[in-house]
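Here are my notes for you on this model. Have a look at the picture first, then read the points one by one.

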Amino acid sequence: MQYEEYEDGCSPEAPSFIKLTPDGNQLLIWEDLPGGERRHAKWSLDDAYIIATEAGYRVENLEALRSVTERDRSLEADLTTMKWFDYRYLTPAAATRLFAATYTDCYRRIWREQFDKDEAALKRPLRNDDPFRVVGPELTNLWRARQWADGLAYPYDFFIHTTFQFARKRGYKRPPLPNQLFGAKMIPKLTPALAMAWRRSMESRARYGTSANYRNENYCGDPAQDAHHAHILNLLRAKGPRPLDIRRFVFDERLLPEQRAVAEFGRELVERGRAQVPTLEEPPVYRKIKATALKPGCYGLPGADQGDWPCTACRFRVACRRSADLVSQTAAEVWGTDDPRAADHRAKAAARKRKERARKRASAAATR
Ligand code: SF4
């Protein structure tokens with residue numbers, strides 16, 4: 001399936017719907033065809049080209065607008081500059097689905113390791129495989145827990161599993177619920193424990209971005225790509241640098257441009273790296289991605305642009321605002337308000353007040 005692109009990297013032929021599959025590894029995309037027929041396709045999570053279609057962003061952001069408050073959406077631009085590299089091009093809604101799927105996996109894993117091996121596969125710690133199916137506290141807690149992991153820049157599997165282990169050591173009888181992952185009781189001791197576990201984990205197995213967006217052939221000066229180069233340079237410096245690692249990151253994985261490595265470590269060391277035996281049997285093949293398709297995940301989310309950095313320096317700001325306005329307009333047409341979650345809160349608060357007044361009137365009448 002190929003989509004013709006507009007000049008800004010958006011597609012008029014974009015799919016009707018994009019969702020993560022429950023295992024979180026693939027995108028399930030379907031297109032509603034005339035006559036009610038539906039065409040399905042599955043794409044790997046890596047396929048930023050498809051994620052970056054304009055209609056895809058709008059569908060995702062409409063779902064986020066319907067489901068979380070403006071306060072929770074307002075942090076997303078900042079978080080896009082901090083989060084783990086693989087999530088910087090995912091919409092916040094897609095990242096939350098991935099977080100929820102990872103939470104369930106980690107829950108079953110810790111249950112298998114520390115409670116009951118046979119029961120583990122049957123555990124369903126969340127009410128819905130798709131957290132956006134029901135708007136309510138569970139979704140809000142998952143969204144906020146995901147933001148907490150994003151602010152600390154950890155991959156979700158590391159963050160959740162380490163937090164589960166930490167809670168177990170502190171006497172929790174069950175793995176923490178999503179709201180307990182960022183609870184005030186947990187944070188002061190958990191944050192340094194996470195930092196120490198991350199250092200150890202990186203010493204035994206270095207982690208870096210796996211998205212095609214970070215390969216040399218797709219480099220276009222995007223801030224997330226530059227941040228990833230700094231991460232790779234830190235990994236190289238931490239071990240020497242060694243020619244074999246230069247071979248791997250510069251020539252095999254293609255995660256650091258050769259000129260950058262030469263500027264940092266000198267031509268001689270880079271040539272020694274080139275002369276090493278390849279570290280991969282087959283060099284990975286990646287789809288060439290248009291620079292215009294490399295939008296930050298917060299693109300087009302109403303409320304994400306708070307009028308300051310990073311939005312003031314963002315090359316997509318004009319298109320982002322246009323897309324966010326379209327999402328708000330759609331919400332107003334569908335739900336009669338451009339902020340359904342706030343309207344829902346107001347309606348619930350008014351209903352609570354009415355109930356309270358009725359209760360007071362009833363008790364006053366009974367005592368008369
Ligand atoms: S302008 Fe839009 S895409 Fe750019 S950082 Fe801000 S919210 Fe994200």
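The numbered points below go from the whole chain down to single residues.

1. First, what you are looking at. This is a predicted model, where local features need pLDDT of at least 70, side-chain atom pairs count only at pLDDT 80 or more, and totals for chains, interfaces and linings use all residues. Residues are numbered from 1 along each chain as its sequence is written.

2. How confident is the predictor? pLDDT is the predictor's confidence in each residue, from 0 to 100. The mean pLDDT of the protein chain is 85, and 84% of its residues reach 70 or more. Two stretches need care: pLDDT stays under 50 over residues 1–16, and also over residues 46–51. The model has 36 contacts beyond four places in sequence for residues 1–16 and 21 such contacts for residues 46–51; a contact means that two C-beta atoms, placed from the backbone, lie within 7 Å. Where pLDDT is low, the predicted coordinates should not be read in detail.

3. Now the overall make-up. The protein chain has 15 helices and 3 strands; these are DSSP runs numbered from the N terminus, with helices (H or I) of at least four residues and strands (E) of at least two. Of the 368 residues of the chain, 35% count as buried. Buried means 20 or more other C-beta atoms within 10 Å of a residue's own, exposed means 12 or fewer, and partly exposed is in between, with C-beta atoms placed from the backbone. If you take the contacts between residues at least 6 apart in sequence, 68% of them join residues at least 24 apart.

4. On the α5 side the contact uses Ala95, Thr96, Phe99 and Ala100, and on the α7 side Leu142, Trp143, Ala145, Arg146 and Ala149. These residues divide into 7 nonpolar, 1 polar and 1 charged. Here Ala, Val, Leu, Ile, Met, Phe, Trp, Tyr, Cys and Pro count as nonpolar, Asp, Glu, Lys and Arg as charged, and the others, Gly among them, as polar.

5. Helix α5 also meets helix α2 (residues 54–67). The two axes come within 8 Å and cross at roughly 75°, so α2 is roughly perpendicular to α5. Glu60, Glu63 and Ala64 in α2 meet Pro92, Ala93 and Ala94 in α5. That contact has 4 nonpolar, no polar and 2 charged residues.

6. Which residues come nearest to the ligand? Of the 14 residues around the ligand, they are Cys298, Ala304, Cys311, Cys314 and Cys320; a residue is near a molecule if its C-beta atom, placed from the backbone, lies within 6 Å of it. By class, the shell has 10 nonpolar, 1 polar and 3 charged residues. Helices α4 (76–80) and α14 (317–335) each supply at least two residues of the shell.

7. Most residues other than glycine have a negative phi, and most peptide bonds are trans. Yet a cis peptide bond joins Gly240 and Pro241, with omega about 5°, and Pro241 lies in the loop between α10 (223–238) and α11 (243–252). The bond from Trp309 to Pro310 is cis too, with omega near 10°. As for phi, Ala153 has a positive value of about 65°, and Arg254 one of about 55°. Ala153 sits in the loop between α7 and α8, while Arg254 is in the loop between α11 and α12 (258–265).

8. Finally, is Leu126 buried or partly exposed? Leu126 counts as partly exposed because 19 C-beta neighbours lie inside 10 Å. Leu126 is in the loop between α6 (117–120) and α7. Leaving out residues up to four places away in sequence, Leu126 touches Ala100, Tyr103, Thr104, Pro131 and Glu138.

Notes. Axes are lines fitted to C-alpha atoms, for helices over the stretch in contact, and angles run from 0 to 180 degrees between N-to-C directions. Angles under 35 degrees count as roughly parallel, over 145 as roughly antiparallel, 65 to 115 as roughly perpendicular and the rest as oblique.
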